[in-house]
Amino acid sequence: MTAAEVKTTPVPPTSSAASASASAARRLAAGTRLAWLHLRSRRVPSALLALALCGGALRAMLHWHLASGGALDQQGPMVIEAGAAVFVAMTTHSPFGEAERATGRWLPYLRLAAALALTGIAIGALQLGALQLGVTGAFLNGPAEPGGVLILARNVIGITGIGLLASPVTGGLLAWIPQLGYLGFAEYALNEAWRNPWTWPVRPPADRGAWICAVLVFAVGLAAVTFRGARTSLADND
């Protein structure tokens, strides 16, 4: 018996199209799993539940007029909007720290996508709480005031930006401190009838300067958390 007499079944060559399709499917599955693990490590599912509760709280406040009369028409929703912004900023906290930063090639993209998506969801959840009552503008001069969604979005964007900007210094779990500090400042500005653009929560919906300030703070905070990330410990000096 010689080697020439051994017969083997030929293996059909794999087509390049099928190989490319399988490779793309594996990359997609790996990318989806990576994104899901990133969101879970940041407690994003819990944050989504908290944002839904914020929307429910806004609905209850507007429905039962829990904060009505004078400055309370604006202060009550402002507090809930700040609360939603706090939950978004807290999701920047990482339990892994330096090990994740050293190995996570996609980490900046995941941070950016998560922050943008959660900010949009926060705005949508609060707006849904108001829309269900047909009161899209209940934040300045009563339920019929137009432009309420603009004020809501501006407040969430700006106060979220404060938390994102603070998180590389304070850490994601303590980013609420400057956010609530700004809320107290805004409520004081409301009572004192200040008109500065950096007091954007008290400005009219179409105030260009207020929008510029809020969006600028959000953009700088978004860049900070995307490229640097939140501080994970007091010893984190990178």
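1. Two residues are in contact when heavy atoms of theirs lie within 4.5 Å. In this predicted model, take the contacts between residues at least 6 apart in sequence: 74% of them join residues at least 24 apart.

2. The protein has eight helices and zero strands.

3. Of the 238 residues in the protein, 41% are buried. The protein exposes about 12900 Å², and carbon and sulfur atoms supply 68% of that area.

4. Helix α5 covers residues 107–131 and helix α8 covers residues 208–227. Their axes come within 8 Å and cross at roughly 145°. The crossing of α5 and α8 is right-handed.

5. Which residues in α5 meet α8? On the α5 side they are P108, R111, L112, A115, L116 and T119. On the α8 side they are F218, L222, V225, T226 and F227. By class, this contact of α5 with α8 has eight nonpolar, two polar and one charged residues.

6. L150 is a residue to look at on its own. L150 is found in helix α6, residues 148–170. Why does L150 count as partly exposed? Its relative accessibility is 38%, and partly exposed means in between the cut-offs of 20% for buried and 50% for exposed.

7. L150 also shows how residues apart in sequence can come together. L150 and A206 are 56 residues apart in sequence, and their C-alpha atoms are 7.8 Å apart in space. Not counting residues up to four places away in sequence, L150 touches P205 and W211.

Key
Residues numbered from 1 in each chain as written. Predicted model: local features only at pLDDT ≥ 70, side-chain atom pairs only at ≥ 80, totals over all residues. Heavy atoms only, no water. Axes fitted to C-alpha atoms, helices over the stretch in contact; angles between N-to-C directions. Helix = DSSP H or I, 4+ residues; strand = E, 2+ residues; numbered from the N terminus. Left-handed = near helix turned anticlockwise from the far one by under 90°. Nonpolar A, V, L, I, M, F, W, Y, C, P; charged D, E, K, R; others polar. Buried < 20%, exposed > 50% of the residue type's maximum accessible area, 1.4 Å probe, protein only. Areas by Shrake-Rupley, 256 points an atom, 1.4 Å probe, with all protein chains shown as cover.
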